[in-house]
Amino acid sequence: MTNSEKLFNKAKLLIPGGVNSPVRAFNSVKCSPIYIEKGKGAYIYDVDNKSYMDFCGSWGPLILGHARKEIVEAVTEATKSGLTFGTCNSREVEMAELLKSCIPFIDMVRVVNSGTEAVMSAIRLARGYTGRNKIVKFDGCYHGHADYLLVSAGSGLLTNSISTSAGVPESAVNDVIVVPYNDIEAVKHVFNSCSNEIAAVIVEPVAGNMGAVAPVEGFLETLRELTTETNSLLIFDEVITGFRFKAGAYASICGVTPDLITLGKIIGGGMPLAAFGGRQDIMECLAPIGNVYQAGTLSGNPVALAAGIATIKTLIKDDGYTKRRELADKIQKSLNSSSRKNDWNIYCNAFMGVFTIFFGRNDAPENLDDVKICDTKKFAEFYKKMLQRGYYLSPSQFEINFISAAHTEENIEKFIIDLKEILKTLL
Ligand SMILES: *Cc1c(COP(=O)(O)O)cnc(C)c1O
């Protein structure tokens, strides 16, 4: 038995399912999870002394790679002055200034401890600001685990949203309308039916939680038009996309400006830190100015802020965005050409430095139904072989893989060779 297996067996007796977040149990790839002891650059090392080239990057935060010098130093330095004060501190101001300078439509911003909290706060704020209750979300987009966002589409578009977790009562999801991603007509239909009740539309502007799925032309623009016309708010959940494709928001790339934005993952540089921000008149509805309550004992934690600030500053300084994009595109091009030649029936969807390999389809998916047809059994077989070969991909068919600043051209070339060799044996 490996050390990882021993630890997991023990963990299962102490922690539900052995894990502190369900996907880590590796259920969908049908193998035992590995326990990681350390990370450096593009690699992680497990408790059995095996190394893996990492494409998960702690689910996205580690765009600069593991244990990047600038970040570790900033955190180490910050800890020397204490871990938390629960008071105002100068890094809060520095972070707010930094976020505002990178994302011009942010007038004001507040930091919190997780993406879940950022989204939950942004939604409460949207409801408080508009005095309306209904939220429009898209099937396959993930916005953290707040009760009313654990929901999927029911049989009818405007009714019967279904909670996807026990412990979430139907009453919690009654005010959430779930629409297929990229379905412009469906959103228009919803707005025709109840626009004066809609507080906000929340969307991942590039979907990253059903694999990489890009917005179709006109989708985000339509959301902007509909919300503007009806005085509801548009919230971009950029917890994954923020600082992923440029040192700023995806909103600035696609040219659609939301009223509120949520950020997380990268902006914490590996520490628990997230944020929500946007227009001043909306943000000033928050307590203590306004009557929308929002708080946090550890919000604005100086050590987390040190990691986040160092990460953003490094991203601004050494712009690796073009390189990451090229490397992901290279994987896509090479894999899809082999797939066509050999009839593998897989499709690698790359988007500006992230990618997903979809098993059992030949083209880019546009929504959750397109993704759901994927061959998860094949993916699981593939996953196990890649793991054995020393590659740590995100452990689910419905997740994205990230290229970090630590991945070299040579890394990716070797990855592609091994990838194809394994696919040849499987497909
Ligand atoms: C990860 C994620 C969240 C939740 O963030 P946590 O820090 O895990 O709570 C919310 N929205 C999106 C788009 C995410 O990818």
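# Pockets, domains and loops in a predicted model

Colleague: How do the residues lining the second largest pocket divide by class?
Modeller: That lining has twelve nonpolar, eight polar and three charged residues. Ala, Val, Leu, Ile, Met, Phe, Trp, Tyr, Cys and Pro count as nonpolar, Asp, Glu, Lys and Arg as charged, and the others, Gly among them, as polar.

Colleague: What are the ground rules here?
Modeller: This is a predicted model, where local features need pLDDT of at least 70 and side-chain atom pairs count only at pLDDT 80 or more, while totals for chains, interfaces and linings use all residues. Residues are numbered from 1 along each chain as its sequence is written, and side-chain values use heavy atoms, with hydrogens and water left out.

Colleague: Back to that pocket: how much space lies in it?
Modeller: The second largest pocket holds about 610 Å³. On a 1 Å grid over the protein atoms alone, a pocket is an open set of points with protein on both sides within 12 Å along at least five of seven lines; a cavity is a set where a 1.4 Å probe fits but cannot get out, and lining residues have an atom within 4 Å of a point. Points are joined across faces, edges and corners, and the volume is the space filled by probe spheres set on them.

Colleague: Which lining residues are closest to the centre of the second largest pocket?
Modeller: Glu92, Val109, Arg110, Val111 and Gln294, out of 23 lining residues.

Colleague: And which element gives the most to this lining?
Modeller: Strand E4, with four residues. Helix H3 (90–102) and E4 (108–112) are the elements that give two or more. Helices (H or I, at least four residues) and strands (E, at least two) are DSSP runs numbered from the N terminus.

Colleague: New topic. What are the domains?
Modeller: Domain 1 is 3–67 + 320–426 and domain 2 is 69–317; the bounds come from an automatic or database domain assignment. Their C-alpha centres lie 26 Å apart.

Colleague: How many residues of each are in contact?
Modeller: 24 of domain 1 with 31 of domain 2, contact being heavy atoms within 4.5 Å. The two domains bury about 2,300 Å² between them, 69% of it on carbon and sulfur atoms. That is the accessible area (1.4 Å probe) lost on putting the two parts together, summed over both.

Colleague: What about the second largest cavity?
Modeller: About 60 Å³ of space lies there. Strand E14 (354–359) and helix H13 (376–388) each supply at least two of its lining residues, and the lining includes Phe379 and Phe382.

Colleague: Where is the loop with proline 288?
Modeller: Between helix H9 (280–283) and helix H10 (302–317). The peptide bond from alanine 287 to proline 288 is cis, with omega near 10 degrees.

Colleague: And what is the phi of phenylalanine 26?
Modeller: Positive, about 65 degrees, although phenylalanine 26 is not a glycine.
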